[in-house]
Amino acid sequence: MQATVSLFPADAMVTRVGCIGAGYVGGPTCAVIALKCPDIRVTVCDMNPTRIGQWNSDKLPVFEPGLDEIVQKCRGVNLFFTTDVVATIQESEVLFISVNTPTKTYGHGKGRAANLKYVESVAREIAKVARGNKIVVEKSTVPVKSAQSIADILKANRNSQNKFQVLSNPEFLAEGTAIEDLLNPDRILIGGEDSPDGWKAIETLSSVYKRWIPADRIITMNTWSSELSKLVANAFLAQRISAINAVSAVCEATGADVGQVALAVGKDSRIGPRFLQASVGFGGSCFQKDILNLVYICESLNLPEVAEFWLNVVSINDYQKQRFAKRIVNCLFNTVSGKRIAIMGFAFKKNTGDTRESAAIYVSAHLLEEGARLAVYDPKVEADQVTRDLNNVTGTPDVVRDQVEVCSDPYEAARGAHALVICTEWDVFQTLDYARIFAGMPKPAYVFDGRKILDHEKLTKIGFEVETIGKRVRNVSQSHPAAITNGAGSGDGAAGLNSCEDATGPDSEMTL
Ligand SMILES: NC(=O)c1ccc[n+]([C@@H]2O[C@H](COP(=O)([O-])OP(=O)(O)OC[C@H]3O[C@@H](n4cnc5c(N)ncnc54)[C@H](O)[C@@H]3O)[C@@H](O)[C@H]2O)c1
């Protein structure tokens with residue numbers, strides 16, 4: 001059993017780190033701590049035995065470039081995965097909480113507030129079983145003042161000999177580049193109590209990060225600023241995406257090219273070029289959840305104008321996904337009923353198998369509702385995950401069973417499809433043999449590039465009809481408008497409508 005540690009390791013020497021929650025954050029973060037601090041024993045625990053089993057197997061539950069190698073190197077040496085929460089709490093001097101904080105789906109704050117039940121249950125468990133003093137690190141993304149709630153729970157339930165310090169240390173990794181982000185972060189944020197014990201705890205946690213991160217990138221501040229900074233950082237990132245996506249709609253309506261506009265705007269050093277890529281819309285477990293959490297906080301603080309400002313970022317994202325899905329139906333002559341459509345990519349971004357809030361789910365659900373048959377291909381998403389996601393969103397498992405095929409090969413998904421819909425920016429989609437794919441598709445054969453990653457000129461030369469975000473591509477049909485347009489006109493005229501614009505109502509479905 002670990003002896004009681006003094007409050008807190010006086011020379012800031014940490015020997016045991018624990019983490020509760022072995023998900024996309026807890027697993028990779030602890031793997032990197034173990035890699036960079038060979039003298040620290042790092043234990044990651046989770047209440048889900050399947051997940052822990054996967055962490056202890058050759059097929060990890062999280063796909064991240066570089067993660068497998070680190071886990072293989074450290075696991076069983078100074079990195080351990082376990083379901084034993086009690087032992088993890090008791091053995092650790094520094095204890096990260098990395099459990100999920102999803103949007104509430106019930107009661108007050110439903111659909112907006114963060115559900116903190118997992119964080120609270122961990123705090124209660126720590127208070128119940130801890131022996132000795134602990135630094136409890138809030139790594140989960142939480143509303144402002146959550147650290148205070150954790151501290152209150154710990155204080156009210158602790159064994160009188162134990163002392164706790166609660167720090168806020170939000171995680172900024174992005175899925176798909178998590179290992180690179182953890183090895184070389186822009187900054188590490190640590191918020192703590194403004195007291196000698198608070199400062200000491202901050203120093204102790206900093207000492208772990210300082211093993212591989214330059215001191216000037218470790219920023220310390222008060223707890224509330226740290227908690228709020230995480231929500232605001234995600235809100236700013238998502239806001240940039242919604243801003244350029246809103247511009248993409250203007251581009252499609254005018255003939256401007258959103259790529260060119262983004263280039264021109266991003267050259268302004270005050271704005272910068274990153275995160276200005278228009279797309280089918282952002283996904284992932286964090287952006288929407290964290291903005292809605294921020295909206296809820298603003299509403300609770302009686303700041304309705306501020307709440308509305310941030311809510312619009314989510315509204316534009318929903319609009320973008322819907323706009324893209326509707327455009328597919330419109331282009332395919334206003335009916336996709338019975339048509340095979342290849343969904344290329346199901347993860348919310350490349351280099352991850354995570355599908356949470358993926359735009360592909362919403363585009364697929366819209367097409368299923370319109371009666372399409374879907375052939376889904378993603379290099380990292382398993383078939384049962386696709387089925388689960390579509391069942392959850394559509395609520396119609398029969399439709400999903402009858403109309404969705406998950407393929408293990410992109411060519412198989414494309415065979416016989418009226419359209420390819422690029423939903424995830426996987427590199428592999430850029431190098432497919434599109435002439436071969438074209439040959440196996442009914443004509444006209446469509447590509448809807450929701451990520452703007454393909455060579456559109458090359459595709460149109462092959463014969464594809466290409467539709468993308470924020471740009472009009474000169475298609476085969478535009479030289480022969482009568483062949484496939486609905487009579488609304490085509491071409492590059494500023495206000496002209498092409499065959500794919502949403503100019504037709506439900507009664508204008510074209511029969512061929
Ligand atoms: N995924 C990201 O890219 C990312 C990035 C930065 C921050 N975050 C934040 O980090 C937190 C975790 O996110 P995630 O994506 O890793 O979530 P996740 O759902 O992948 O993992 C959370 C894990 O916590 C476990 N858990 C929940 N309650 C537990 C308990 N009482 N005891 C033991 N285990 C418990 C769950 O079983 C699950 O495996 C969230 O607050 C999220 O907003 C996520």
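Analyst: Lys-128 forms a salt bridge with Glu-125, and the closest N and O atoms are 4.0 Å apart in this predicted model. Both residues belong to helix 5 (residues 117-129), where three residues, about one turn of the helix, separate them. Lys-128 is exposed, because its relative accessible area is 65%. Glu-125, with a relative accessible area of 24%, is partly exposed.

Lys-350 pairs with Asp-427 in another salt bridge, with the closest N and O atoms 2.9 Å apart. Lys-350 sits in the loop between strand 9 (340-344) and helix 13, and Asp-427 in the loop between strand 12 (419-422) and helix 17 (434-439), so this pair ties together parts that are 77 residues apart in sequence. Lys-350 counts as partly exposed at 26% relative accessibility, and Asp-427 counts as partly exposed at 43%. Salt bridges with shared partners also join Glu-252, Arg-323, Arg-327 and Glu-467 into one network.

The count comes to 23 salt bridges. One of them links Glu-382 and Lys-59, whose closest N and O atoms are 2.7 Å apart. Glu-382 is in the loop between strand 10 (373-377) and helix 14 (383-394), while Lys-59 is in the loop between helix 2 (49-55) and helix 3 (67-74), so the two tie together parts that are 323 residues apart in sequence. Glu-382 has 44% relative accessibility and counts as partly exposed; Lys-59 is exposed, with a relative accessible area of 56%.

Asp-152 counts as partly exposed, because its relative accessibility is 42%. Its C-alpha atom is separated by 22 Å from that of Gly-109, which is 43 residues apart from Asp-152 along the chain.

Next, the nonpolar side. The largest nonpolar core has 65 residues, of which Ile-341, Leu-420, Phe-429, Tyr-434 and Phe-464 touch the most other members. Helix 13 (residues 359-369) gives the most to this core, with six residues. Leaving out residues up to four places away in sequence, Tyr-434 touches Leu-420, Ile-422, Phe-429, Leu-454, Leu-459, Ile-462 and Phe-464. There is also a second, separate core of 43 residues, and Ala-31, Cys-37, Val-44 and Ile-190 are among its members.

On the cysteines, the count comes to zero disulfides. For Cys-423, the closest cysteine sulfur is that of Cys-407, and because the two sulfurs are 14 Å apart, they are too far for a bond. Cys-423 is buried, with a relative accessible area of 0%, and Cys-251 is buried at 2%. Cys-286, by contrast, counts as partly exposed, at 28% relative accessibility. Cys-286 is found in the loop between helix 10 (258-266) and helix 11 (287-300), and an unreviewed UniProt entry places the feature "active site" at this residue.

Finally, confidence. The mean pLDDT of the protein chain is 91, with 90% of its residues at 70 or more. Over residues 479-498 the pLDDT is below 50, and this stretch has 33 contacts in the model beyond near neighbours in sequence. Residues 503-512 also stay under 50 in pLDDT, and the model has 14 contacts for them beyond four places in sequence.

Note on methods:
Residues numbered from 1 in each chain as written. Predicted model: local features only at pLDDT ≥ 70, side-chain atom pairs only at ≥ 80, totals over all residues. Heavy atoms only, no water. UniProt positions renumbered as here; feature names shortened; annotations may be inferred. Helix = DSSP H or I, 4+ residues; strand = E, 2+ residues; numbered from the N terminus. Buried < 20%, exposed > 50% of the residue type's maximum accessible area, 1.4 Å probe, protein only. Disulfide = S-S within 2.5 Å. Core = buried A, V, L, I, M, F, W, Y, C linked by side-chain atoms within 4.5 Å. Contact = heavy atoms within 4.5 Å. pLDDT = per-residue confidence, 0-100. Salt bridge = Lys/Arg side-chain N within 4 Å of Asp/Glu carboxyl O.
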